[in-house]
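Please look through the sequence and the structure below before reading on.

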Amino acid sequence: MAFVQPNFFAFRIAHGTSPRSRHRARFRRVRMSGEEEDERWDLELASPCKINLFLRILRKREDGYHELASMFQAISLHDDLSFTVLPDDAEEDQLECEDPNVPLDRSNLVLKAIDVFRKRTGRTEKFRVKLNKQVPVQAGLGGGSANAATALWGVNQLCGKIATNEELADFGAEIGSDISFFFSLGTAYCTGRGEILENVSELMPTSLYIIKPKEGLSTAAVFQNLDIASIEDRDPLKLKEALEQESIYTVEFVNDLEVPSFKLCPKLADIKQACEEAGFRGVLMSGSGTSFFCLGEPYRDFVETFEERMKELFNVDIYQARFLNRKDGDHWYLQS
């Protein structure tokens with residue numbers, strides 16, 4: 001028996017499919033780095049997250065990791081990290097964060113990154129770090145990885161820039177697969193576990209919305225439910241070429257982790273369908289979920305009601321953002 005998909009935005013039909021509006025109504029604003037901060041720090045940095053414009057899982061490796069190919073894009077939704085070098089007699093780093101869900105012990109990727117930096121460079125300085133969390137967790141946005149990369153960049157700056165971008169990316173790969181990406185210029189084709197990166201020219205700008213349900217999924221659980229044999233074969237190099245050469249609104253958006261994620265949380269499939277019906281030009285889950293990115297604008301009829309309707313139906317958070325790139329290898333994201 002055929003399954004009839006629900007039309008979450010059926011009320012659009014009565015009004016027609018009018019052009020998209022540039023109006024922004026009642027969506028969450030992303031706070032820029034440095035606002036609402038009165039303390040004096042040696043260094044303050046934004047810690048941007050990322051989306052995967054496509055994500056192909058190619059095979060499971062002998063070391064237990066999965067071989068992937070993905071186009072990573074940094075976006076302006078970000079945490080903030082503030083750094084101060086502690087006195088010479090300090091025995092431990094100090095990590096502060098008001099979010100009660102963020103661990104403050106050595107399991108935190110920020111402290112792991114600082115430990116690896118000292119191990120690989122021989123430096124002995126200790127640091128006080130304050131983390132202001134805004135990026136949602138278990139979202140597939142790489143917020144923790146971005147924090148680790150920003151910590152590596154920050155302490156390297158405070159120690160006299162003794163490591164290169166390439167060396168910092170290598171330090172990051174020791175901790176996690178996504179960390180190396182943030183040492184690109186913001187748009188990169190990533191392979192291996194995600195730690196092998198190739199810089200790609202900036203993509204065309206577009207309106208960008210992040211939709212995040214309250215539910216989260218662990219990356220391990222998603223991969224455990226992945227059936228690699230059933231994945232449709234798509235050449236990642238052709239996907240990359242299309243993003244580089246065509247309008248971003250005409251390319252195919254592919255994420256091989258959507259199927260196992262939707263299996264674990266069926267609500268995600270409904271959220272994706274609702275966003276597509278709202279009129280966005282491209283909708284895809286980022287990473288292992290559970291957030292979605294939506295490119296373009298909703299139909300003009302929906303601009304005033306989209307957030308309210310999505311929250312009513314799915315209990316989601318909605319963020320506005322934009323693609324983000326570094327000026328060059330000597331500057332961090334959102335750094336003048």
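The model is predicted, so local features need pLDDT of at least 70 and side-chain atom pairs count only at pLDDT 80 or more, while totals for chains, interfaces and linings use all residues. Residues are numbered from 1 along each chain as its sequence is written, and side-chain values use heavy atoms, with hydrogens and water left out.

**Two packed helices**

Helices (H or I, at least four residues) and strands (E, at least two) are DSSP runs numbered from the N terminus. Helix H2, residues 143-158, packs against helix H3, residues 165-173, at an angle of about 135°, and their axes are 10 Å apart; such axes are lines fitted to C-alpha atoms, for helices over the stretch in contact, and the angles run from 0 to 180 degrees between N-to-C directions. H2 and H3 are therefore oblique to each other, a word kept for angles that are not under 35 degrees (roughly parallel), over 145 (roughly antiparallel) or 65 to 115 (roughly perpendicular). The contact (heavy atoms within 4.5 Å) is made by Leu-152, Trp-153 and Asn-156 on the side of H2, and by Asn-165, Leu-168, Phe-171 and Gly-172 on the side of H3.

**Salt bridges**

A salt bridge is a side-chain nitrogen of Lys or Arg within 4 Å of a carboxyl oxygen of Asp or Glu, and by this rule the count comes to 25 salt bridges.

| Asp-233 | Arg-56 | 3.8 Å |

Asp-233 lies in the loop between helix H4 (219-224) and helix H5 (236-245), and Arg-56 in strand E1 (residues 43-60), so the pair ties together parts that are 177 residues apart in sequence. Asp-233 is exposed, with a relative accessible area of 70%, whereas Arg-56, at 3%, counts as buried; buried means under 20% relative accessible area, exposed over 50%, and partly exposed in between, with a 1.4 Å probe and protein chains only.

In the pair of Glu-67 and Arg-61, Glu-67 is buried at 17%, and Arg-61 is buried at 17%. Glu-215 is partly exposed, with a relative accessible area of 30%, and Lys-267 is partly exposed at 22%.
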